[in-house]
Amino acid sequence: MIAAMVKRVREILVFFVLAILSKAIGTKPHSRTRPPSESVSNECLSWRLAVEANNVRGWRTVPAHCLGYIETYMIGGQYEQDVNYIVQQIESYVTNLVMGGDGMDAWVLDIDDTCLSNIFYYKGKKYGCDPFDPSSFKAWAMKGACPAVPPVLGLFTKLVDSGFKVFLVTGRDEETLAPATIDNLHNQGFIGYEKLIFRNQSFKGKSAVVYKSEIRKQLMEQGYRIWGNVGDQWTDLQGECLGNRTFKLPNPMYCVP
């Protein structure tokens with residue numbers, strides 16, 4: 001009993017010292033959002049699953065009461081585990097493919113939150129609870145500071161080393177974001193792709209589905225066999241000329257219509 005009391009006193013003293021130090025340097029002991037209650041977590045889990053299953057469409061922001069849940073999902077380890085699991089499924093599929101040997105076996109990969117992560121940007125936007133701001137995202141993308149999504153970088157490397165032609169297709173604007181995006185990809189290890197395709201003026205005003213469908217159609221008309229198509233948005237994986245298989249990566253922070 002005495003030992004327990006001593007331990008308790010010691011814990012109180014440690015907490016007291018940490019509180020004093022925190023006040024002295026002007027910081028707070030915890031900077032993360034308060035963890036959501038169990039009922040809120042369950043509701044927000046249902047919302048996220050509905051989003052990933054494409055049963056909730058055209059949503060503009062994450063529900064405000066789900067901020068804590070989405071933050072925990074994105075940086076608490078579950079997001080990384082989900083991406084790893086999906087990439088494992090892709091790699092298993094790749095292992096069983098029989099290539100044509102003519103240099104026309106292709107894969108299509110999206111960039112934002114597929115190859116490159118925007119988690120640091122969206123942290124400042126309350127993980128999607130704030131409305132999308134095109135100007136601030138453009139400023140972020142021009143910094144070229146997006147880290148690679150590690151499992152996707154590994155997948156990309158495996159595809160290139162196996163002889164597939166990898167096409168990176170992005171909704172980023174060619175005129176303003178091409179140089180920064182190219183440098184960002186190369187700095188993160190995405191080297192050896194067949195072509196990097198940006199949205200240009202000919203697709204201005206067209207939806208993501210129309211734009212990416214047309215790009216895939218052009219590739220297939222050139223004779224490429226698209227074995228796989230990977231993206232974090234349903235609009236990456238809808239429309240025409242989808243390829244042999246599509247793979248959806250999780251992204252509960254924003255929706256591209």
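**Notes on the fold, the sheet and the cysteines**

1. Buried here means under 20% relative accessible area, exposed means over 50%, and partly exposed is in between (1.4 Å probe, protein chains only). Strands, like helices, are DSSP runs numbered from the N terminus, with at least two residues (E) for a strand and at least four (H or I) for a helix.

2. Before going on, a word on what we're looking at. This is a predicted model, where local features need pLDDT of at least 70 and side-chain atom pairs count only at pLDDT 80 or more, while totals for chains, interfaces and linings use all residues. Residues are numbered from 1 along each chain as its sequence is written, and side-chain values use heavy atoms, with hydrogens and water left out.

3. Overall layout: the chain has 9 helices and 5 strands. Read from the N terminus, the elements go α-α-α-α-β-α-α-α-β-α-β-α-β-β. Of the 257 residues, 42% count as buried. The chain exposes about 14200 Å², with carbon and sulfur atoms supplying 58% of that; accessible areas come from the Shrake-Rupley method with a 1.4 Å probe, and for residues only the protein chains shown count as cover.

4. Two strands pair if DSSP finds at least two bridges between them.

5. Going through the pairings: strand 1 (residues 105-109) runs parallel to strand 2 (residues 165-173), with 4 bridges between them, and Val108 stands opposite Phe167 in strand 2. Strand 1 is also parallel to strand 4, this time through 5 bridges, and there Ala106 stands opposite Ile226. Strand 4 and strand 5 run parallel with 3 bridges; Val230 faces Phe247 across that pairing, standing opposite it.

6. Which residues touch the most other members of the largest nonpolar core? They are Ile70, Trp107, Leu109 and Leu168, out of 56 residues. Helix 4 (residues 78-95) gives the most to this core, with 7 residues. A nonpolar core is a set of buried Ala, Val, Leu, Ile, Met, Phe, Trp, Tyr and Cys residues joined through side-chain atoms within 4.5 Å. As a rule, nonpolar side chains in soluble globular proteins tend to be buried together.

7. Leu109 deserves a click in the viewer. Leaving out residues up to four places away in sequence, Leu109 touches Cys115, Val152, Phe156, Leu159, Val166, Phe167, Leu168, Val169 and Val230.

8. Cysteines next. There is 1 disulfide (a pair of cysteine sulfur atoms within 2.5 Å), joining Cys44 to Cys66 with an S to S distance of 2.0 Å. The pair links distant parts of the chain, 22 residues apart: Cys44 is in helix 2 (residues 38-52), Cys66 in the loop between helix 2 and helix 3 (67-75). The torsion about the S-S bond is about -90°, so the disulfide is left-handed. Cys44 is buried at 0% relative accessible area, and Cys66 is buried at 1%. Cys115 and Cys146 are buried too, each at 0%.

9. Two backbone spots to check. Asp113, in the loop between strand 1 and helix 5 (119-123), has a positive phi of about 60° although it is not a glycine. Lys126, in the loop between helix 5 and helix 6 (134-143), is another non-glycine with positive phi, near 55°. Buried or partly exposed, for Asp113 and Lys126? Asp113 counts as buried at 3% relative accessibility, whereas Lys126 counts as partly exposed at 44%.

Methods:
Contact = heavy atoms within 4.5 Å.
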